[in-house]
Structure formats: structure tokens, C-alpha cells
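Trainee: I am new to this structure and would like to go through it with you. Could we begin with the terms I will need?

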Amino acid sequence: MEEYLQNMKTLMSQMNDFEDQAARIAAEEEKQKTAIQIMEKDLDSEKVESTRLKSETDEMLNTKDRIYHQIAEKKKKFIYLETESSTLSQV
């Protein structure tokens, strides 16, 4: 009977150890899940920011192209007016 009680105490001790270990593993898993969720949210935020920046960059490039086009048109007009002025001066 004494041996039985000793075996039961050992078994209970082992069960408590396993429960403690399972609780530590569950807590660690929960921390890792939380960390992953935070990283996923951060990644989503970065994707949104990246998309916003790409849109801003595209808009800036379009504006730059438009300005260059306007400059080219004004240069053409300026050259035309210079030619006209030169022609009128010769008359």
C-alpha cells in the first residue's frame, strides 16, 4: 500500500509538472500569436503607406510631365515670337 501511495504521489507530481509545462507552452503560443497579429497589422499599414506613396509619386511625375510640356510649348511660342519680331524688324 505504501508503494501504491508513493506511486500516486509521483504520478500526481508528474501530472502537475506536465500541466505547468502545458500552461507555459500555451502562454508562449499566445505571446507568439499576438506578436504575429501585430506584425500582420504593421505589414498591412506598410502596404497602405506604400500604395499611398506610389500614388503620390505617380501624381508628382504626371505634374512634372505636364510642367515640362508647358515649358516646351512656351519655348516654341517664344521662338515663334522672336522669329516674328526679327522679321518685323527687317521690314
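Mentor: Let us start with a definition: a salt bridge is a side-chain nitrogen of Lys or Arg within 4 Å of a carboxyl oxygen of Asp or Glu. Please also keep in mind that this is a predicted model.

Trainee: How far apart are the closest N and O atoms of lysine 31 and glutamate 28?

Mentor: They are 3.7 Å apart, and the two residues form a salt bridge. Because the cut-off is 4 Å, that distance qualifies.

Trainee: Where do lysine 31 and glutamate 28 lie?

Mentor: Both are in helix α1, three residues apart, which is about one turn of the helix.

Trainee: Is lysine 31 buried or exposed?

Mentor: Lysine 31 is exposed, with a relative accessible area of 56%.

Trainee: What about glutamate 56 and arginine 52?

Mentor: They form a salt bridge too, and their closest N and O atoms are 2.2 Å apart. Here the spacing is four residues within helix α1, again about one turn. Both are partly exposed: glutamate 56 has a relative accessible area of 37%, and arginine 52 has 38%.

Trainee: Which residues are linked with them in a network?

Mentor: The network of salt bridges consists of Glu49, Arg52 and Glu56.

Trainee: Why can such side chains pair at all?

Mentor: Side chains of opposite charge can pair when their charged atoms come close.

Trainee: How many positive and negative side chains does the chain have?

Mentor: There are 14 positive and 20 negative side chains, and the centres of the two sets are 12 Å apart.

Trainee: Let us change topic to the overall form. How many helices and strands are in the chain?

Mentor: The chain has one helix and zero strands. Its radius of gyration is 39 Å, well over the 12 Å that the globule rule gives for 91 residues, so the chain is more spread out than a compact globule. Along its principal axes, the C-alpha trace spans about 135 × 10 × 10 Å.

Trainee: How far apart are the C-alpha atoms of methionine 39 and serine 86?

Mentor: They are separated by 69 Å, and the two residues are 47 residues apart along the chain. Methionine 39 belongs to helix α1 and is exposed, with 56% relative accessibility.

Trainee: What share of the residues is buried?

Mentor: Buried residues make up 0% of the 91 residues. The chain exposes about 8800 Å², of which carbon and sulfur atoms supply 58%.

Trainee: Which residues form a nonpolar patch on the surface?

Mentor: The patch is formed by Met1, Tyr4, Leu5, Met8, Leu11, Met12 and Met15, which together have about 710 Å² of accessible area.

Trainee: Where is methionine 1 placed?

Mentor: Methionine 1 is in the segment before α1, and that helix covers 2-90. At 75% relative accessibility, methionine 1 counts as exposed, because exposed means over 50%.

Definitions and conventions
Residues are numbered from 1 along each chain as its sequence is written. This is a predicted model: local features need pLDDT of at least 70, side-chain atom pairs count only at pLDDT 80 or more; totals for chains, interfaces and linings use all residues. Side-chain values use heavy atoms; hydrogens and water are left out. Patches are made of residues with over 30% relative accessible area and no salt bridge: like charges are joined within 9 Å, nonpolar side chains (Val, Leu, Ile, Met, Phe, Trp, Tyr) within 5 Å. Accessible areas come from the Shrake-Rupley method with a 1.4 Å probe; for residues, only the protein chains shown count as cover. Helices (H or I, at least four residues) and strands (E, at least two) are DSSP runs, numbered from the N terminus. Buried means under 20% relative accessible area, exposed over 50%, partly exposed in between (1.4 Å probe, protein chains only). The radius of gyration is taken over C-alpha atoms; the globule rule is 2.2 Å times the number of residues to the power 0.38. Lys and Arg count as positive and Asp and Glu as negative; His and the chain ends are not counted. The place of a charge is taken as NZ of Lys, CZ of Arg, CG of Asp or CD of Glu.
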